[in-house]
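Reader: I am new to reading protein models, and I would like to learn how to go through one feature by feature. Could you take me through this one slowly, giving the general idea before each case?

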Amino acid sequence: MIKKIKLLPIVLFVIITSCSSSDDGAGVVLPTPIPNTAPTAVNTLNYPTADLLCIDSNVNFQWAAATDADGDTINYRLTIALDRNQTNIVEQLTTTSTNQTVSLQPGIAYYWNVIAFDNQDEATASPTYAFYTESEGQSNYAPFAASLNAPELEASIDAGTVTLDWTGSDVDTTDTLTYDLYFGETTNPSITQTDVSTSTFNVTTVAATTYFWRVDTKDGNGVKTIGQEWSFSTN
């Protein structure tokens, strides 16, 4: 008698692995890297304070510490410039400390800020403060360059009446400040109004246009400080 052999079906299970950026090439899925968190911004500049007249030209800059959620080492970039926009830099130093002594020239207006950063990312800049280093025999100091309030730099806003808003300051606190306003649709705009006694001015704008403006600050002795050029666009 011939015996019949019953063949049972064999089911093959195939494990399919997919390749991805977390695959090491051998089918092993690696953990997804944890994204880095930038340090917090330095929000307080302790010294020199805003609009200070420094007696000593060897200035010990001091600021509040930042924090880092990842526990990374925090570095600080101290920038000292001759303009509020920090384009004409005279000193730029990196330190892990929250203070740094820098020797500067007497009789000059300086502008400074601090940026915190770790090994991957950096925070936004601190506020920018102005100060003067005292010069022997100098009885009057030029005003500081005006600081921008509104519209924000390169902002996009609705057309119509726009209020230009800035802040002027001077270490000679008894000085009365006035302003020359420049406004137009091109860089280096023409003067619009002289001897403005307030720190706001209304202008009329049209849609889909970029405007440029600048404020020069004058004290009661006729000393003028040229301001930075700002811009904004209308919707």
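**Reading the model step by step**

Author: Let us begin with a loop: N188 lies in the loop between β12 and β13 (191-196). Please keep in mind throughout that this is a predicted model.

Reader: Where does A208 lie, and what is its phi?

Author: A208 is found in the loop between β14 (200-204) and β15, and its phi is near 55 degrees, a positive value in a residue other than glycine. A208 is also exposed, its relative accessible area being 68%.

Reader: Which residues does the cis peptide bond with omega near -5 degrees join?

Author: That bond runs from Y47 to P48, and P48 has its place in the loop between β1 (45-47) and β2 (52-54). Another cis peptide bond joins A150 and P151, with omega at about -10 degrees, and P151 sits in the loop between β9 (147-150) and β10.

Reader: Now I would like to read a strand; how many residues of β15 are buried?

Author: In general, the side chains of a regular strand alternate between the two faces of the sheet. Strand β15, which covers residues 210-218, is mostly covered, with 8 of its 9 residues buried.

Reader: Which strands pair with β15, and in what sense do they run?

Author: Strand β12 (residues 178-184) is joined to β15 by 7 bridges, and the two run antiparallel; within this pairing, D180 has D216 of β15 as its bridge partner. Strand β17 (residues 229-234) also runs antiparallel to β15, with 5 bridges between them. You can find this pairing in the model by looking for W213, which stands opposite W230 in β17, or for Y211, whose bridge partner in β17 is F232. Strand β16 (residues 224-225) pairs with β15 in the antiparallel sense over 2 bridges, and K218 stands opposite K224 there. In the hairpin of β15 and β16, which has 5 residues between the strands, G222 takes a positive phi near 85 degrees.

Reader: Which strand runs parallel to β17?

Author: That is strand β10 (residues 155-157), which is joined to β17 by 3 bridges. A155 stands opposite F232 in β17, and F232 is also the bridge partner of Y211.

Reader: How many aromatic pairs does the structure hold, and how should I describe one?

Author: A pair of aromatic rings is described by the distance of the centres and the angle of the planes. The structure holds 13 aromatic pairs. In one of them, the rings of F61 and W112 have their centres 4.9 Å apart and their planes at 65 degrees, so the pair is edge-to-face. This pair links distant parts of the chain, with F61 in strand β3 (residues 58-63) and W112 in strand β7 (residues 109-117), 51 residues apart. F61 is buried, at a relative accessible area of 0%, and W112 is buried with a value of 0% as well. The rings of Y132 and Y141 are also edge-to-face, because their planes stand at 65 degrees, with the centres 4.8 Å apart, and both Y132 and Y141 are buried.

Reader: Which ring lies under the charged end of R77?

Author: It is the ring of F117, and the charged end of R77 sits 4.8 Å from its centre.

Reader: What is the volume of the largest pocket, and which residues line it?

Author: Rolling a probe the size of a water molecule over the atoms shows where empty space is left. The largest pocket has a volume of about 220 Å³, and its lining includes R84, N113, L148, Q228 and W230. Sorted by class, that lining has 4 nonpolar, 6 polar and 1 charged residues.

Conventions
Residues are numbered from 1 along each chain as its sequence is written. This is a predicted model: local features need pLDDT of at least 70, side-chain atom pairs count only at pLDDT 80 or more; totals for chains, interfaces and linings use all residues. Side-chain values use heavy atoms; hydrogens and water are left out. Buried means under 20% relative accessible area, exposed over 50%, partly exposed in between (1.4 Å probe, protein chains only). Helices (H or I, at least four residues) and strands (E, at least two) are DSSP runs, numbered from the N terminus. Two strands pair if DSSP finds at least two bridges between them. On a 1 Å grid over the protein atoms alone, a cavity is a set of points where a 1.4 Å probe fits but cannot get out, and a pocket is an open set with protein on both sides within 12 Å along at least five of seven lines; lining residues have an atom within 4 Å of a point. Grid points are joined across faces, edges and corners, and a volume is the space filled by probe spheres set on the points. Ala, Val, Leu, Ile, Met, Phe, Trp, Tyr, Cys and Pro count as nonpolar, Asp, Glu, Lys and Arg as charged, and the others, Gly among them, as polar. Rings of Phe, Tyr and Trp (its six-membered ring) pair if their centres lie within 6.5 Å; planes under 30 degrees apart count as stacked, over 60 as edge-to-face and the rest as tilted. A charge sits over a ring if NZ of Lys or CZ of Arg is within 6 Å of the ring centre and within 35 degrees of the ring normal.
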